[in-house]
Amino acid sequence: MRVHVRTMESYRRNYVREDLLTLAMDDDPRPMVLSGRYIPYARRNGKRFLIYTVKPFAKEYPDKKLLPMADHLWIRESADAMRQMVERRAKVGESTPHIYLVGYPEPYKSGNIERCGFRLAFDVAETPVYFSPEEIPQDVIAQCRFPDISKYVRVAEGEAIPPEDATKYFSSIEKYQKNYLRTELMQFVGETEGMPIVLAGRVLFGKQEGSSSIKVSGVRLFSQCIRYRDMEPLTSNLEIEGDPQALIEAAEQGGWGHHAIILMVGFPEPVTVSGVTRCGFRLAYDVITEPIILVDLQKQWVGKITKKLRQACFWPDVKEYVKKRARPIRFLEQYVTRRHHRRRKPPAES
């Protein structure tokens, strides 16, 4: 697995594994529990298997609430029986299932660099590898230590990430601004003349269960002339108020799979949470009764936006968001994307 070490912080965390190394240097001899994702097809010389998104395990926090302490770890297999067990369990369910390892952080030398690995605790458990936290026996838990994980806990739902902690959650301040503050989307606030705009994005239906809002990824400006994949994203994620179950049922009736592209008609609006101002998106129910439109990729965009809706919306200039070598899917009348197109008549047909 390739590790990106563009900064010294990333190098220390993912290559040296400084956090694990610090735990290995203390005086506590007890093993600890790590969690991660197991990659069945990644092996090194047939003797090691790979896990990625390595996190400390905490009984009071689910994995998704914790930040990773390292990008990846290679774990040595000590017996064929364990290798067969891991491979057999991994075939049931997810392609990269969650995995829980009981073991010891173990320093080693790589050239002149001291790094940290992880040795499985066979002295504590016969097979110290589990695929669910409920599988870990209580007698094994009793023999483990649980370090302070306060610095790995994600910001609670409804709270804002302080700007000074931005690089803790994002690899750069630019990604923090684009994907958390959504500054690209914020620039349209006040420029739309009180009219809604149309965005496009992907919905992963399987992750909407039990939620009261719809989570959308890869959010882009909508253009009837440019394909979705040929547009640069405004932000990696967006959460809008809506009924996910109704969207899932509509997708199933239309024959869509687990993910599809939707069009969203609405207004970008600033939202202040814990003193940090971000950009949200409010659906324009006052303009269109169903402001979320499912898109059939085979039929492309054309016909999904009616003339009446075109005239009611604001259409930003999309030139700076079009990827290089993008191919227009159809050359529509220029008045469609003009700033004041609603005051112009369409050209007469020849």
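Colleague: Is R119 buried, partly exposed or exposed, and what is its relative accessible area?

Modeller: Buried stands for under 20% relative accessible area and exposed for over 50%, with partly exposed in between, using a 1.4 Å probe and protein chains only. R119, with a relative accessible area of 39%, is partly exposed. Please keep in mind that this is a predicted model, in which local features need pLDDT of at least 70 and side-chain atom pairs count only at pLDDT 80 or more, while totals for chains, interfaces and linings use all residues. Residues are numbered from 1 along each chain as its sequence is written, and side-chain values use heavy atoms, with hydrogens and water left out.

Colleague: Which residue does R119 meet in a salt bridge, and in which strands do the two lie?

Modeller: A salt bridge is a side-chain nitrogen of Lys or Arg within 4 Å of a carboxyl oxygen of Asp or Glu. The side chain of R119 meets that of E106 in such a bridge, at 2.7 Å from N to O. E106 belongs to strand β4 (residues 98–110) and R119 to strand β5 (residues 113–120), and the pair, 13 residues apart, links distant parts of the chain. Helices (H or I, at least four residues) and strands (E, at least two) are DSSP runs, numbered from the N terminus. E106 is partly exposed as well, at 35% relative accessibility.

Colleague: How many salt bridges does the structure hold, and what does E269 pair with?

Modeller: The structure holds six. In one of them E269 is joined to R282, with the closest N and O atoms 2.7 Å apart. Because E269 lies in strand β10 (residues 259–273) and R282 in strand β11 (residues 276–283), this pair ties together parts that are 13 residues apart in sequence. E269 counts as partly exposed at 29% relative accessibility, and R282 does so at 39%.

Colleague: Which residues of helix α6 are buried, and how are they arranged when seen down the axis of α6?

Modeller: In α6 (residues 173–181) the buried residues are Y176, N179, Y180 and L181. The arc to consider is that of the directions from the helix axis to the C-beta atoms. Seen down the axis of α6, the buried residues fall within an arc of 160°, so they line one face of the helix.

Colleague: What covers those buried residues, and which residue follows α6?

Modeller: Contact means heavy atoms within 4.5 Å. What covers the buried residues of α6 includes α5 (166–169), α7 (183–186), β9 and β11. After α6 comes R182, whose phi is positive, near 60°.
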